[in-house]
Amino acid sequence: MKKLIAANWKMYKTPPQAMQTAHDLVNALKEKTFCDKEIVVFPPFTDIYAVVHATSGSGVKVGGQNCYPEIEGAFTGEISPSMLFSAGCSYVLAGHSERRRIFGEQNDFIAKKIASALQAKLSVVLCVGETLEEREAGYLEAVLKKQIEEGTSDAVPANPAMFSIAYEPVWAIGTGKVAGLPEIEEAHGIIRNILQNRFAESFAEMRILYGGSVKPENAGAIMKCANVDGLLVGGASLQAESFVQIICA
Ligand code: PGA
């Protein structure tokens, strides 16, 4: 199972900027003679075309940051998984904490997106994580269990390698406050158990990524933690140079 290093560009970059960063990333990776990791970039929808072209033939994959669960229809402003797929995406994010918090997305809606995305042959990264209040109240395990079980209630991934979890403690996203290594190991261990109970044998092949203020300086230590199979990087992925340092950490 290859480690998965993902860049979440959020709502940053115009198409020319995205094209430039993608070119820089591909060129920087060419200089690395040995990179055995799977790399995915999640640009804004308007940049997908540019990034798919800039990364073509490089092995770098592209994903959507969001999707709507229907194939097509009168859903103004929405994008379907099959549209992402035909635009050159092989991945999609689901349940990012910013979508939960700012756009009010609930687990049942996220479950529909995941089922639809898997149907469209997209690999899914389901983002989960607790707020500081939930952690302090002792609800870490309960929150993760609910988000994973309810988020996957509409579909069981046929291919476990196409389903990953990103553990992103809400208090560590974009705050510069990275979770401590023991906290990361604890949460990832809990998630591995939840996956085992939910998916039986295939749980071992599902990757669990860490996300939240990952930087070149902390990436190496986080990657060494038990049950950490990759990273989901926001701010530090916007520049090709720092993202490549994280990939190679
Ligand atoms: P950050 O974002 O690395 O900027 O904290 C991570 C994410 O939201 O996926």
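Residues are numbered from 1 along each chain as its sequence is written. Because the model is predicted, local features need pLDDT of at least 70 and side-chain atom pairs count only at pLDDT 80 or more, while totals for chains, interfaces and linings use all residues; side-chain values use heavy atoms, with hydrogens and water left out.

The ligand has 13 residues around it, of which Lys10, His96, Glu168, Gly174 and Ser213 come nearest; a residue is near a molecule or strand if one of its heavy atoms lies within 4 Å of it. By class, this shell has four nonpolar, seven polar and two charged residues, where Ala, Val, Leu, Ile, Met, Phe, Trp, Tyr, Cys and Pro count as nonpolar, Asp, Glu, Lys and Arg as charged, and the others, Gly among them, as polar. An oxygen atom of the ligand lies 2.7 Å from a polar side-chain atom of histidine 96, and a polar side-chain atom of glutamate 168 also lies 2.7 Å from an oxygen atom of the ligand. Glycine 235 places a backbone N or O atom 2.9 Å from an oxygen atom of the ligand. Of the 280 Å² of accessible area that the ligand has on its own, the protein covers 95% (Shrake-Rupley method with a 1.4 Å probe; for residues, only the protein chains shown count as cover).

Histidine 96 is found in the loop between β4 (91–94) and α4 (97–103); helices (H or I, at least four residues) and strands (E, at least two) are DSSP runs, numbered from the N terminus. With a relative accessible area of 4%, histidine 96 is buried, a term for under 20% relative accessible area, against over 50% for exposed and partly exposed in between (1.4 Å probe, protein chains only). A polar atom of its side chain lies 2.9 Å from the backbone nitrogen of glutamate 98. Beyond its neighbours within four places in sequence, histidine 96 is in contact (heavy atoms within 4.5 Å) with Asn8, Lys10, Cys127, Glu168 and Ile173.

Serine 213 lies in the loop between β7 and α9 and counts as buried at 10% relative accessibility. The backbone oxygen of alanine 172 is 2.7 Å from a polar atom of the serine 213 side chain. Within strand β7 itself stands tyrosine 210, which counts as buried at 0% relative accessibility. A polar atom of the tyrosine 210 side chain lies 2.9 Å from the backbone oxygen of glycine 212. Leaving aside neighbours within four places in sequence, the contacts of tyrosine 210 include Ile184 and His188.

Ile184 and His188 are among the buried residues of α8. The 19 residues of this helix (residues 181–199) should span 27 Å at 1.5 Å a residue, and the end C-alpha atoms are 26 Å apart, which agrees; the expected span is 1.5 Å times one less than the number of residues. Cover for the buried residues of α8 includes β5 (123–128), α7 (140–151), β6 (163–167), β7 (207–211) and α9 (216–223). Alanine 200, which follows α8, has a positive phi near 50°.

Helix α2 (residues 48–55) has six of its eight residues buried, so it is largely enclosed by the rest of the structure. Its buried residues pack against α1 (15–31), β2 (38–42), β3 (61–64) and α3 (81–86). Glycine 57 follows α2 with a positive phi near 80°.

Methods:
Polar contact = N/O pair within 3.5 Å; in protein donor to acceptor, adjacent residues only side chain to side chain.
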